[in-house]
Amino acid sequence: MPALDHDRCYRALASRDARFDGQFIAGVRTTGIYCRPSCPAMTPKPGNVDFFRTAAAAHEAGLRACKRCQPDAVPGNPDWNRRDDLAGRAMRLILDGAIERDGVPGLAARLGYSSRQLTRVLTAELGAGPLALARAHRAESARALLAGTGLPVAQVAFAAGFASIRQFNDTVREFYGLSPTELRQLARRGREGVRPAGAETPDAASTTVTLRLAARPPFDGEAIMGYLADHAVAGVERMSGAGAEASIERLVRLPHGLARTHVQLDPERAGVIATASLAAIADLAPLVSRLRRWFDLDADAVAIDAALGADALLGPLVARAPGLRIPGAVDAEEALLRTIIGQQISLPAAKSMLGRLAADLDEAEGLTPTTELRPFPTAQRIAADDGAVLRGPATRQRTVLTTARALASGELVLDIGLPAAELRARLLALPGIGPWTADYVTMRVLGNPDVLLAEDLVLQRTLGSLGAGGTARATRALGERWAPWRSYATLHLWRAAPPIVRRARRSAAETPASTP
């Protein structure tokens with residue numbers, strides 16, 4: 001990847017352009033600190049500042065975080081979803097806690113490299129190796145938890161992924177020049193101060209944590225909540241409220257168990273407020289990573305809207321819905337199975353079928369149906385049932401069962417560290433999975449911003465209504481001018497679908513009910 005352009009970065013720093021916060025770090029050699037681009041401090045001379053892709057690289061250069069601008073108090077770098085190279089894929093896994101769970105060898109194995117190769121590439125691309133990147137992420141997570149939760153300092157240490165209190169204290173002092181308690185006080189005051197979203201109530205079985213997760217504005221949270229409401233499965237997800245007061249509750253599978261998770265839009269700033277009851281405090285960092293992907297909180301909405309808004313066809317759509325986000329997936333296997341089951345039937349029928357599947361498998365295990373939430377069945381559970389509770393056409397039942405068996409056996413692995421092309425190829429290799437499903441799952445699981453669902457009937461009909469053709473070939477040709485933001489172009493066109501398209505009966509083409 002090309003090096004950061006010093007002149008361009010300096011112009012952003014000199015103008016205090018907040019659009020670049022989180023996308024690069026400014027390190028000032030004369031003061032020994034690193035800042036966000038919008039830092040209000042006096043702009044250093046060009047020769048005294050270096051620019052880094054990550055806070056870890058700035059720290060490796062001997063710098064510490066600025067106490068005035070608090071450079072870690074920003075949404076994450078959108079590059080980690082946009083980039084499909086080794087560095088981007090590695091960062092997605094590091095942010096999900098892969099190193100804390102599996103170490104550098106485990107991370108390297110998931111990416112298909114040796115530990116030495118991975119370290120060499122990340123050091124060259126990002127200015128720091130995997131251990132340093134993971135350590136910086138733990139420090140950033142600790143700062144966010146100190147600011148946005150009421151967790152005791154000791155619990156923050158383990159929630160952020162540290163192995164000991166001493167390691168936590170040493171790392172915080174090294175990165176911020178403050179004790180954890182002092183950092184909490186700093187993080188809650190000033191222009192970037194964060195008010196805790198709620199109280200924490202640890203008990204014998206779990207820890208309940210409430211925290212704020214910031215989005216990069218503009219953020220159309222109501223649209224993504226509306227999407228989740230349209231696709232919520234009774235018994236698996238519970239929606240409440242509407243518009244700015246909408247919220248969703250569901251169980252999320254994490255490394256140490258299920259987390260009952262409630263997410264609502266933040267009324268004070270762009271982003272969401274999440275409350276989760278965790279089986280283990282160590283699951284908090286992976287949960288935050290998955291929630292950020294679920295709501296696409298790190299997307300560079302300004303850049304996306306500027307690019308698509310300049311297009312003659314999409315410009316009016318973007319103007320009506322700035323800050324549109326990709327509805328991500330908190331569980332890759334669940335996203336795939338739900339998509340397959342929902343193919344070629346109406347959305348209400350798909351939701352009903354998915355709800356019955358979850359309830360039937362609960363009953364098959366001797367569980368009494370209640371008003372409580374249940375997790376969506378795992379691939380292993382569906383495969384073990386051998387299709388006994390599956391409903392619908394025999395061809396779809398075979399596809400669901402074949403896919404579940406492939407996932408359960410490890411023959412098919414869905415991983416956020418995969419390149420988009422490889423994930424798509426793995427899906428297309430399974431019988432019964434076509435281009436639409438492969439592309440849709442790739443977009444949602446990876447948060448990939450450049451997937452165009454050219455075979456989608458709703459997309460084609462929307463384009464036809466706009467006088468821009470209505471075939472897959474014409475859609476692909478149009479999509480060339482929307483790269484690298486074709487996923488967001490897809491969302492805008494779905495949102496603009498004429499009412500007659502929403503009521504239209506689906507043809508035999510592979511267009512699931514879960515599209516618009």
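Predicted model: local features only at pLDDT ≥ 70, side-chain atom pairs only at ≥ 80, totals over all residues.
The largest nonpolar core contains 107 residues. Seven residues have the most contacts inside this core: Val-263, Leu-278, Leu-284, Phe-295, Leu-308, Trp-482 and Trp-494. Helix H7, residues 130-148, contributes the most to the core, with eight residues. A second core is separate and has 38 residues. Leu-336, Ala-383, Ala-406 and Leu-430 are among its members.

Residues up to four places away in sequence are not counted here. Val-263 then touches Met-225, Ala-246, Ser-247, Ile-248, Val-272, Ile-273, Ala-274, Leu-291, Trp-294 and Phe-295.

Helix H22 spans residues 472-479. Its buried residues are Ala-472, Thr-475, Leu-478 and Gly-479. These residues cover an arc of only 125° around the axis, so they lie on the same side of H22. Arg-473 and Ala-477 are exposed on the other side of H22. The cover over the buried residues of H22 includes two helices, H21 (457-465) and H23 (486-495).

H21 and H23 also meet each other. Two packed helices are described by the angle between their axes and the distance between the axes. The axes of H21 and H23 come within 9 Å. They cross at roughly 70°. The two helices are therefore roughly perpendicular to each other. On the H21 side, the contact involves Val-458, Leu-459, Thr-462 and Leu-463. On the H23 side, it involves Thr-490, Leu-493 and Trp-494. By class, the contact has five nonpolar residues, two polar residues and no charged residues.

Pro-498 lies in the loop between H23 and helix H24, residues 499-503. Its relative accessibility is 19%, and Pro-498 therefore counts as buried, the cut-off being under 20%. Leaving aside neighbours within four places in sequence, Pro-498 is in contact with Thr-462 and Ser-465. Pro-498 and Val-458 are 40 residues apart in sequence. In space, their C-alpha atoms are 9.1 Å apart.

How values were computed
Residues numbered from 1 in each chain as written. Heavy atoms only, no water. Buried < 20%, exposed > 50% of the residue type's maximum accessible area, 1.4 Å probe, protein only. Helix = DSSP H or I, 4+ residues; strand = E, 2+ residues; numbered from the N terminus. Arc of directions from axis to C-beta. Contact = heavy atoms within 4.5 Å. Axes fitted to C-alpha atoms, helices over the stretch in contact; angles between N-to-C directions. Parallel < 35°, antiparallel > 145°, perpendicular 65-115°, else oblique. Nonpolar A, V, L, I, M, F, W, Y, C, P; charged D, E, K, R; others polar. Core = buried A, V, L, I, M, F, W, Y, C linked by side-chain atoms within 4.5 Å.
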